Each structure stands twice: as C-alpha cells, then as structure tokens.
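User: I am new to this structure. Can you walk me through its pocket and its salt bridges?

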Amino acid sequence: MDDWSRHGEFAHTCTNTLIRSVIQLNLPFALATLSSHYTLIHIGTASSTLLQSSRLLLHIRRMYVKYALTGYTQLNEAGRISTAQRNETQLICDILGLESLIDEMTSKLLLRTNSSSKDATPSAVLGPFYRADAPLLANGSSIISPLLARDSPWFRAAQPLLARISGRVLSASTRRPIPDAMVDIWMAAFNGLYEQQDRAHQPDLNLRGRFRTDEKGCYEIYALRPTAYPIPLDGPAGRLLRLLDRSPYRPAHIHFIISAEGHQTLTTQFFDCEDRYTGNDVVFAVKKELLVRFEEKVGDERARWELKYDFSLCGE
C-alpha cells in the first residue's frame with residue numbers, strides 16, 4: 001500500500017472514530033482523537049478529510065457548550081428547589097432512567113455473586129420521597145395518621161381505597177420465615193400526593209410506617225390501595241418531560257424497604273396490575289414480578305381491599 005492509500009485509510013479511521021465519539025457524547029475522547037491523528041496525517045486527502053472533521057467537531061463543540069450550560073443551569077435549579085421533603089435532582093435521574101439502570105445492573109451483579117438471589121423479591125428504585133423517620137407501629141396498625149378523624153373530608157375520600165396488606169418475610173435460600181425483620185412502607189394518598197407535598201390536607205408522616213415481623217415472620221398493615229399519579233411538573237424534571245413529550249405518570253404503587261439481620265436489605269415497590277400506567281412508568285421501575293392484584297375484602301370494617309404478599313431476602 002502506498003503513502004496516499006495509507007494516509008487515506010488512516011483519515012477514514014480517524015473520521016469514523018470522531019463520529020462514534022460524538023454520537024456517544026464523548027467529546028474529550030473525540031478531541032484527543034483529532035489531535036493525535038492530526039499530528040500524524042498532514043498531506044493530500046488525509047488533510048482535507050481531517051479539516052472537514054475538525055470543522056464538524058468545532059460546530060458540535062459549540063452545540064455541546066450551549067447545551068451543557070443549559071444542563072448545568074437545570075441541575076443548579078434542581079438543587080435550589082430540593083429540600084428534606086423533595087429531591088428534584090434524584091427525580092431528574094429517575095425520569096432519565098439512571099436509577100432504574102443502576103438497580104438493574106446491581107441486580108444482575110448480585111445474581112452472579114449470590115445464587116439465592118434468583119429466588120429473592122426483585123428490587124426497584126427508592127424514589128425521591130423516602131423519609132427515614134417513619135413511626136414504628138405495631139403489627140395490624142394503620143399507616144393513616146391518627147390525626148385524621150374518621151369523619152374528616154380526607155378520610156371519607158380515602159374510604160373506598162382502604163386496604164389490608166399482609167404476608168411474610170422469608171429467606172430466599174431456605175424459604176424459612178424471618179422474625180423481627182423490618183418492613184418500612186410509604187405511599188402517596190388517593191390524590192397522588194405524598195404527605196410532604198400536601199401539607200394543607202395531610203399531617204406529617206401520614207401514610208408512612210415501620211413494622212416488625214412476628215415470630216412467624218408475618219406482617220400486617222392497614223393502608224390504601226395505591227393510586228397512579230403524575231410526578232411534580234413545576235420544576236426542571238417536568239420541563240424535561242414536556243420537551244421529550246413523555247407521560248409524567250407513575251403507575252399505582254407502594255414503596256417498601258425490607259431489612260433483617262444476616263440478610264441484604266431490599267428496596268422495592270409493588271404495582272397494582274390493573275393500573276393502566278404499568279406499561280408506561282415515567283421512571284421505568286415496573287417489573288412483571290412486582291405486579292400484584294388486590295382482591296375485594298368483606299367482613300372487615302377497616303378495609304375494602306386485601307393483598308397478601310411475601311417478601312424474600314437474600315443472605316449476606
């Protein structure tokens with residue numbers, strides 16, 4: 001192969017590398033590729049090809065700077081409106097699928113390192129509305145705040161959704177019950193709002209609670225059948241969704257963190273299989289193993305619906 005052919009092939013390789021780097025938004029690598037190859041190629045067709053590539057890259061760099069600055073501005077705004085009750089930066093990560101991607105990657109890693117994980121309850125994203133200070137309640141208690149009177153407008157609106165949720169916490173490897181496991185639960189109300197979003201109508205820590213399993217590994221919670229809701233649209237996360245023309249809805253779900261000594265902590269959710277948004281979750285968290293079905297309950301004045309669900313934990 002003569003020098004012209006070698007230079008032309010080298011230029012072609014350089015151009016392809018630049019294009020791949022740009023597509024992958026790896027601008028630093030693209031710049032390094034351009035500078036390293038440019039010092040080696042300086043005649044004929046190669047120079048012409050690289051000149052065109054450099055002009056393209058400079059144009060992309062200007063676009064990159066413009067949109068990078070826009071991105072930084074949005075992240076700064078997310079930080080400014082985030083509080084102990086609302087994490088806008090995490091919400092942006094959720095709607096981009098970053099948290100669900102990390103959850104899926106860590107789940108697959110766990111599967112390779114812990115054979116019992118294949119029988120464990122799948123994990124799901126934490127979400128931006130978790131609070132670590134939920135009250136510790138006795139088994140069989142309700143997570144509806146006692147400050148909400150049964151004749152209050154809020155309680156009357158919630159009555160059609162009152163639900164009993166019960167089950168066991170088990171070892172994924174032995175299928176034996178785990179006593180004294182912690183079941184941490186939180187959820188949105190019938191209006192789609194968590195208590196920290198709805199101070200006018202919900203008391204502090206409403207629809208949140210922590211429960212200990214009994215000696216048989218059983219838990220029992222009175223809560224609500226969950227309701228689908230849109231994520232907050234008044235910040236940068238909402239603007240991003242509108243630009244992408246995406247639905248802002250999360251399907252009806254309840255959050256859990258299950259922990260027990262000698263076992264890996266499980267962060268998960270379950271989803272009402274009858275909800276229409278299970279196939280279009282804005283944070284990509286739905287897994288078929290986490291779809292559940294609520295059944296009508298009779299003979300219990302505290303609940304209109306019932307769900308029985310067992311959680312399985314991996315050993316450490």
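This is a predicted model: local features need pLDDT of at least 70, side-chain atom pairs count only at pLDDT 80 or more; totals for chains, interfaces and linings use all residues.

User: How much space lies in the largest pocket, and which residues are closest to its centre?

Analyst: The space in the largest pocket comes to about 570 Å³. Its lining counts 26 residues. The closest to the centre are Ser107, Leu110, Thr121, Pro122 and Ser123.

User: How do the residues of that lining divide into nonpolar, polar and charged?

Analyst: Charged residues number seven in the lining of the largest pocket. Polar ones number nine. The nonpolar residues number 10.

User: How many salt bridges does the structure hold?

Analyst: A pair counts when a side-chain nitrogen of Lys or Arg is within 4 Å of a carboxyl oxygen of Asp or Glu. By that cut-off, the number of salt bridges is 18.

User: What is the N to O distance between Arg131 and Glu195, and are these residues buried or exposed?

Analyst: Their side chains meet in a salt bridge at 2.9 Å, N to O. Arg131 sits in the loop between helix H5 (98–113) and strand E1 (136–137), while Glu195 sits in the loop between strand E3 (182–186) and strand E4 (208–212). The two are 64 residues apart. Both are buried.

User: Which residues are linked with Arg131 and Glu195 in a network of salt bridges?

Analyst: The network takes in both Arg131 and Glu195.

User: Which strands hold Arg164 and Glu220?

Analyst: The side chains of Arg164 and Glu220 form a salt bridge at 2.8 Å, N to O. This pair ties together parts 56 residues apart in sequence, because Arg164 lies in strand E2 (residues 162–171) and Glu220 in strand E5 (residues 218–224). So the strands are E2 and E5.

User: Is Glu220 buried or partly exposed?

Analyst: Buried means under 20% relative accessible area. Arg164 has 17%, so Arg164 is buried. Glu220 has 23%, so Glu220 is partly exposed.

User: Where is Glu306, which meets Arg164 in a salt bridge?

Analyst: The side chains of Glu306 and Arg164 meet at 2.8 Å, N to O. They lie 142 residues apart, with Arg164 in strand E2. Glu306 is buried, as is Arg164. Glu306 is in strand E12 (residues 305–308).

How values were computed: Residues are numbered from 1 along each chain as its sequence is written. Side-chain values use heavy atoms; hydrogens and water are left out. Helices (H or I, at least four residues) and strands (E, at least two) are DSSP runs, numbered from the N terminus. Buried means under 20% relative accessible area, exposed over 50%, partly exposed in between (1.4 Å probe, protein chains only). On a 1 Å grid over the protein atoms alone, a cavity is a set of points where a 1.4 Å probe fits but cannot get out, and a pocket is an open set with protein on both sides within 12 Å along at least five of seven lines; lining residues have an atom within 4 Å of a point. Grid points are joined across faces, edges and corners, and a volume is the space filled by probe spheres set on the points. Ala, Val, Leu, Ile, Met, Phe, Trp, Tyr, Cys and Pro count as nonpolar, Asp, Glu, Lys and Arg as charged, and the others, Gly among them, as polar.
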